[in-house]
Amino acid sequence: MDETGGLHEAPVAGVDERDGAIVVRLAGELDLYNAHVVRDELVAAAARSPERLIIELSGVTFIDSTGLGVLIEARTKLANRQAFLLVGPGLETRRALEISGLDRHFAVHELLDDALSASV
């Protein structure tokens, strides 16, 4: 069992610092049941006032509206909201971003290096 009390993969796979950026790697299913874990991690990362906060999504297999809401909330915690960057969403995550219209509001990059070098 994981920290959410279920048999799901832990939603936060890791947190790293690179060149003034905080990179939060998310994995598995991001939904109502584990959104609080993701929210706590992202809010804590934003509170450290990084130059950019990069959310690595390549390991995410599913995201629901609660998970998308957590991304929106975390972005509002940054003084420079353009410093909130998404990286590597898979097909399902990209589809959720497009259907919700959030792909037009978030900077989405294919590669981590692109997000690290993007102007914010």
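Ser49 is exposed in this predicted model, because its relative accessible area is 60% (exposed means over 50%, buried under 20%, partly exposed in between, with a 1.4 Å probe and protein chains only). Ser49 lies in the loop between α1 (35–47) and β3 (52–63). Helices (H or I, at least four residues) and strands (E, at least two) are DSSP runs, numbered from the N terminus.

The model is predicted, so local features need pLDDT of at least 70 and side-chain atom pairs count only at pLDDT 80 or more, while totals for chains, interfaces and linings use all residues. Residues are numbered from 1 along each chain as its sequence is written, and side-chain values use heavy atoms, with hydrogens and water left out.

**Positive phi**

Most residues other than glycine have a negative phi. Ser49 has a positive one. Asp19 has a positive one too. Asp19 sits in the loop between β1 (12–18) and β2 (21–30).

| Residue | Phi | Relative accessibility |
|---|---|---|
| Ser49 | near 50 degrees | 60% |
| Asp19 | near 50 degrees | 68% |

**An aromatic pair**

Rings of Phe, Tyr and Trp (its six-membered ring) pair if their centres lie within 6.5 Å. The count comes to one aromatic pair. The ring centres of Phe84 and Phe106 are 5.5 Å apart and the planes meet at 40 degrees, so this pair is tilted (under 30 degrees is stacked, over 60 edge-to-face, the rest tilted). Phe84 belongs to strand β4 (residues 84–87) and Phe106 to the loop between α3 (91–100) and β5 (107–109), so the pair ties together parts 22 residues apart in sequence. Phe84 is buried, at 1% relative accessible area. Phe106 is buried as well, at 6%.

**Two helices**

α1 packs with helix α2 (residues 65–76) at an angle of about 15 degrees, and their axes are 9 Å apart. Axes are lines fitted to C-alpha atoms over the stretch in contact, and angles run from 0 to 180 degrees between N-to-C directions. The angle makes α1 roughly parallel to α2 (under 35 degrees is roughly parallel, over 145 roughly antiparallel, 65 to 115 roughly perpendicular, the rest oblique). Which residues of α1 meet α2? Among them are Ala35, Val38 and Leu42. Their partners in α2 include Val70 and Leu71. Contact means heavy atoms within 4.5 Å.

**Confidence**

pLDDT is the predictor's confidence in each residue, from 0 to 100. The chain's mean pLDDT is 93, and 93% of its residues reach 70 or more. Over residues 1–5 the pLDDT is below 50. Where pLDDT is low, the predicted coordinates should not be read in detail.
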